[in-house]
Amino acid sequence: MDDIIKYMELLIQAIKESSEYRLYKQAEASLNETPQLKIRVDDLNRANHRLHTEKDPQKLFREIRELNEESKELRRIPQVNSYIQAELDLCKLLQYVTLEINGGIDIHVPGTALYE
């Protein structure tokens, strides 16, 4: 376990030193300079996460349309667009790392494409 903790800490440090993370932190700092924009972006992110639990199809489609409109409007602001893009790039990096770790470990997970 000690080796896992050591290498996990090294991985976290490597991620923090990546260009994706540095750009994200710069964009975050820039966005934080305008609190009203930060609130709007946070509201957009909260609404996006809520979509994943919505069960009513009518409400879901309406909320998706509203979210898309708000997203388009916000992304016209360079500061917001930079932040959202940097956030997406960092998430893609973290997703890649997670998929590589999961793909490198041989463990049976029922109900996944690998085992059906």
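Two residues are in contact here when heavy atoms of theirs lie within 4.5 Å, and the structure to which this is applied is a predicted model.

**Exercise 1.** Determine how α3 and α4 are oriented relative to each other, and which residues join them.

*Solution.* Begin with the geometry: α3, residues 35-51, packs on α4, residues 57-75, at an angle of about 155°, and their axes are 10 Å apart. Angles over 145 degrees count as roughly antiparallel, and α3 and α4 are therefore roughly antiparallel to each other. Their crossing is left-handed. Next, list the contacts: from α3 come Leu37, Arg40, Val41, Leu44, Ala47, Asn48 and Leu51, which meet Leu60, Glu63, Ile64, Leu67, Glu70, Ser71, Glu73 and Leu74 of α4. Sorted by class, the residues of this contact are 9 nonpolar, 2 polar and 4 charged.

**Exercise 2.** Carry out the corresponding analysis for α2 and α5.

*Solution.* The angle between α2 and α5 is about 150°, with the axes 8 Å apart, which makes α2 roughly antiparallel to α5. This crossing is left-handed. On the α2 side the contact includes Tyr24, Ala27, Glu28 and Leu31, and on the α5 side it includes Val80, Tyr83, Ala86 and Leu90. The contact of α2 with α5 holds 10 nonpolar, 3 polar and 4 charged residues.

Note on methods
Residues numbered from 1 in each chain as written. Predicted model: local features only at pLDDT ≥ 70, side-chain atom pairs only at ≥ 80, totals over all residues. Heavy atoms only, no water. Axes fitted to C-alpha atoms, helices over the stretch in contact; angles between N-to-C directions. Helix = DSSP H or I, 4+ residues; strand = E, 2+ residues; numbered from the N terminus. Parallel < 35°, antiparallel > 145°, perpendicular 65-115°, else oblique. Left-handed = near helix turned anticlockwise from the far one by under 90°. Nonpolar A, V, L, I, M, F, W, Y, C, P; charged D, E, K, R; others polar.
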